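Open your viewer and get ready to click along. We will go from stop to stop, selecting a few residues each time.

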Amino acid sequence: MSSELGAAVAVVVSHVVKSYRIYQRPQDRLLQALFRGKKRFFEEFYAVKNIDFQIRRGEVVGILGRNGSGKSTLLQMIAGTLEPTSGSVVANGRLAALLELGAGFSPDFSGMDNARLSASILGLSEPEIEQKLPEILAFADIGDHIFQPVKTYSSGMYVRLAFAVAACVDPDILIIDEALAVGDVKFQTKCFRRFEELVASGKTIIFVTHSVEQVVRHCTRALLIDGGCLIDDGVPREIANRYLDMMVGAAPPIKHASSPQQSGGSLLSAIETRAGYCSGEYRWGEGRARILDATLIREGEDSHCIQFDTRDRVQIQFAVEFDAPSERPIFGVFVKTPDGVTVYGNSSRNLCPPSEGRRVAAGDVVSVTFSCLLNLGCGSYVLSLGVSEDSFGEIVPLDRRYDVMQFEVVNFSGAVGLSDLDASCRVVLM
Ligand SMILES: Nc1ncnc2c1ncn2[C@@H]1O[C@H](COP(=O)(O)OP(=O)(O)O)[C@@H](O)[C@H]1O
Ligand SMILES: [Mg+2]
């Protein structure tokens, strides 16, 4: 079958549909069998509705979508463990899949036996398995547990072993369904490093995650699934923003405010007129409060500035106007690299004494100042600002302005990297 596909194509999903018959009552199933299709006793439920796309070799595709949108169903059909109701999936090459937890391993067998079994199902010969086993065991890093039955494993151990098998058997296409949410950060880092190695050798990766950051950071492309349909397909950053938008419900577009009246400090203009303002900012939230203006001020100076030196002390100030009273407003800042890696984020909830900033009335304008030490490496950074509300323990975003302003940091020490660790060095002759 692969000969029909160009060598550059890894997966072709053509008009794939998956529907289930839903019987309201158990007896309906029996009635349906008796009536042999002359009458219908079920409702048709479409978990996946006519999805169509191609994935090229070397792509890292992130799939986003809310719970129940059909992501796992789609991955199972790509992996070949679930038959589409109609349409077809063609995969070009050896495929290894790490599907939802619980699938795959035999609970009574040891981790070692399961690893061998999975590798053989994935098409490895006995000598190949023997050759790959040390790598698999090292990657999983679960010690003597490897000799215990898999049913005694924690979910973390299970995933480590399953990922190790899938990633070490040299698959052409690796499919992962949310498994990376289970491992700890160190293991995740190892997995993503493995992704990079696989992609560098022309392999293809498809993974479902809830982490927008993982998608922005590790994917070359993202798909957004909703209600069983592919509703968007494109650049990770844009798809991630659309997903966030969807998750907070259709946020009403917030009208940009006219210039605020006197709002304290130097916050006298609109953020859109500031140097460094990014017109591609992503703005969302429920409304009821608006971030009007923001400035960056080097300590000891008084004007807006977007060029700093490493270890400058900088004030990030912004003004927020409330249209409705709020009991517990929370103000936050995020600093990211242009490709979406969070360098720092924090909020007034962590940084302010509990007495401060409690309760605002409709019409109030609040000035918020974060004072930071820019221990950053040389490069460009983007600032995100937010105001939310703590509503009985739930954080409700009111106005979030992501990637709203860009600033530069120059580091004359010659250091490279995101952060300046202010190292010193001594070399002595022994
Ligand atoms: N075997 C099944 N029978 C009936 N409905 C199913 C079955 N499997 C999944 N579904 C339904 O299909 C929809 C999509 O499920 P799923 O693909 O698991 O979503 P996601 O992975 O995006 O959370 C859900 O509404 C789910 O309840
Ligand atoms: Mg799922």
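One term before we start: a salt bridge is a side-chain nitrogen of Lys or Arg within 4 Å of a carboxyl oxygen of Asp or Glu. Keep in mind too that you are looking at a predicted model.

**Stop 1: arginine 66 and aspartate 226**

Select arginine 66 and aspartate 226 and show their side chains. The two form a salt bridge, and their closest N and O atoms are 3.1 Å apart. Now colour the chain by residue number. Arginine 66 is in the loop between β3 and α2 (71-79), while aspartate 226 belongs to strand β8. The pair links distant parts of the chain, 160 residues apart.

Buried, exposed or partly exposed: what is arginine 66? With a relative accessible area of 33%, arginine 66 is partly exposed, because that value falls between the 20% limit for buried and the 50% limit for exposed. Aspartate 226, at 22%, is partly exposed as well.

**Stop 2: glutamate 59 and arginine 221**

Next, select glutamate 59 and arginine 221. Their side chains meet in a salt bridge with an N to O distance of 2.9 Å. Here, both glutamate 59 and arginine 221 are buried. Which parts of the chain does this pair link? Glutamate 59 lies in the loop between β2 (43-56) and β3 (60-64), and arginine 221 lies in strand β8 (residues 221-226). They are 162 residues apart.

Salt bridges with shared partners join Glu59, Arg221 and Asp233 into one network.

**Stop 3: a sheet of three strands**

Switch to a cartoon view and select β11, β13 and β16. These 3 strands form an open sheet in the order β11-β13-β16, with antiparallel pairing. Which strands are at the edges? They are β11 (289-298) and β16 (365-373), each of which pairs on one side only. On average, neighbouring strands of this sheet are turned by 20 degrees against each other, direction ignored.

Zoom in on β11 and β13 (residues 313-322): they pair in the antiparallel sense over 9 bridges. To look at one residue pair, select aspartate 293, whose bridge partner in β13 is alanine 319.

Stay here and select arginine 298 and aspartate 312. They form a salt bridge, with the closest N and O atoms 2.8 Å apart. Arginine 298 lies in strand β11 and aspartate 312 in the loop between β12 (307-309) and β13, so the pair ties together parts that are 14 residues apart in sequence. Arginine 298 counts as buried at 19% relative accessibility, and aspartate 312 is buried at 13%.

**Stop 4: ligand 1**

Finally, select ligand 1 and the residues around it.

Now check the distances from oxygen atoms of ligand 1 to the backbone. A polar backbone atom of glycine 68 is 2.7 Å from one such oxygen. For serine 69, a backbone N or O atom lies 3.2 Å from an oxygen of the ligand, and for glycine 70 the distance from a polar backbone atom is 3.0 Å.

How much of ligand 1 does the protein bury? Taken alone, ligand 1 exposes 570 Å², and the protein buries 63% of that.

Conventions
Residues are numbered from 1 along each chain as its sequence is written. Chains are lettered from A and ligands numbered from 1 in the order in which they are written. This is a predicted model: local features need pLDDT of at least 70, side-chain atom pairs count only at pLDDT 80 or more; totals for chains, interfaces and linings use all residues. Side-chain values use heavy atoms; hydrogens and water are left out. Two strands pair if DSSP finds at least two bridges between them. Helices (H or I, at least four residues) and strands (E, at least two) are DSSP runs, numbered from the N terminus. Axes are lines fitted to C-alpha atoms, for helices over the stretch in contact, and angles run from 0 to 180 degrees between N-to-C directions. Buried means under 20% relative accessible area, exposed over 50%, partly exposed in between (1.4 Å probe, protein chains only). A polar contact is a pair of N or O atoms within 3.5 Å; within protein, one must be able to donate a hydrogen and the other to accept it, and residues adjacent in sequence count only if both atoms are side-chain atoms. Accessible areas come from the Shrake-Rupley method with a 1.4 Å probe; for residues, only the protein chains shown count as cover.
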